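This briefing covers an annotated segment, the surface patches and the charge pairing of one structure. The sequence and model come first.

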Amino acid sequence: MNRPADDQWRRPAPAADGADAEQAAAAYPGPPPAVPPPPGWHPEVAPRVVPPRRLPEVDHDAIDAAEERADRFTNALGIAAGVVLILIACLQWRT
């Protein structure tokens, strides 16, 4: 699909004598000159006024106990749901 707005970006047709590369090299002025930034161009770094607070201690034993209780509850709930589904399946199969 060729639009008229894209014509400026189209590669020129190659010349028969191969002078396109030389002409393109002569037309390219090169990259712009590198100018160093002025001194102090970046923002000032503010010193930290208040040191960070100390985090509370973590009770790993309490966390492990709560995780074990949650695991037991989840397993018991799954077993109870399985028993209920088996009972419902047996009642449905019987009728």
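**Annotated segment**
- In this predicted model, residues 76-94 carry the annotation "transmembrane region" from an unreviewed UniProt entry; UniProt positions follow the numbering used here, feature names are shortened, and annotations may be inferred rather than shown by experiment.
- The chain over residues 76-94 is 100% helix and 0% strand, with 27 Å between the end C-alpha atoms; helices (H or I, at least four residues) and strands (E, at least two) are DSSP runs, numbered from the N terminus.

**Surface patches**
- Ile79, Val83 and Leu87 make up a nonpolar surface patch with about 300 Å² of accessible area together (Shrake-Rupley method, 1.4 Å probe; for residues, only the protein chains shown count as cover).
- Patch residues have over 30% relative accessible area and no salt bridge; like charges are joined within 9 Å, and nonpolar side chains (Val, Leu, Ile, Met, Phe, Trp, Tyr) within 5 Å.
- Val83 lies in helix H2, residues 60-94, and is partly exposed at 46% relative accessibility (buried is under 20%, exposed over 50%, partly exposed in between; 1.4 Å probe, protein chains only).
- Asp59, Asp61, Asp64, Glu67, Glu68 and Asp71 form a negative surface patch.
- Glu67 is also in helix H2 and is exposed, at 54% relative accessible area.

**Salt bridge**
- One salt bridge is found in the whole structure (a side-chain nitrogen of Lys or Arg within 4 Å of a carboxyl oxygen of Asp or Glu).
- Arg54 and Glu57 form a salt bridge, their closest N and O atoms being 3.0 Å apart.
- Arg54 is exposed at 70% relative accessible area, and Glu57 is exposed at 65%.

**Basis**
- Residues are numbered from 1 along each chain as its sequence is written.
- Local features need pLDDT of at least 70, side-chain atom pairs count only at pLDDT 80 or more, and totals for chains, interfaces and linings use all residues; side-chain values use heavy atoms, without hydrogens and water.

How values were computed. Lys and Arg count as positive and Asp and Glu as negative; His and the chain ends are not counted. The place of a charge is taken as NZ of Lys, CZ of Arg, CG of Asp or CD of Glu.
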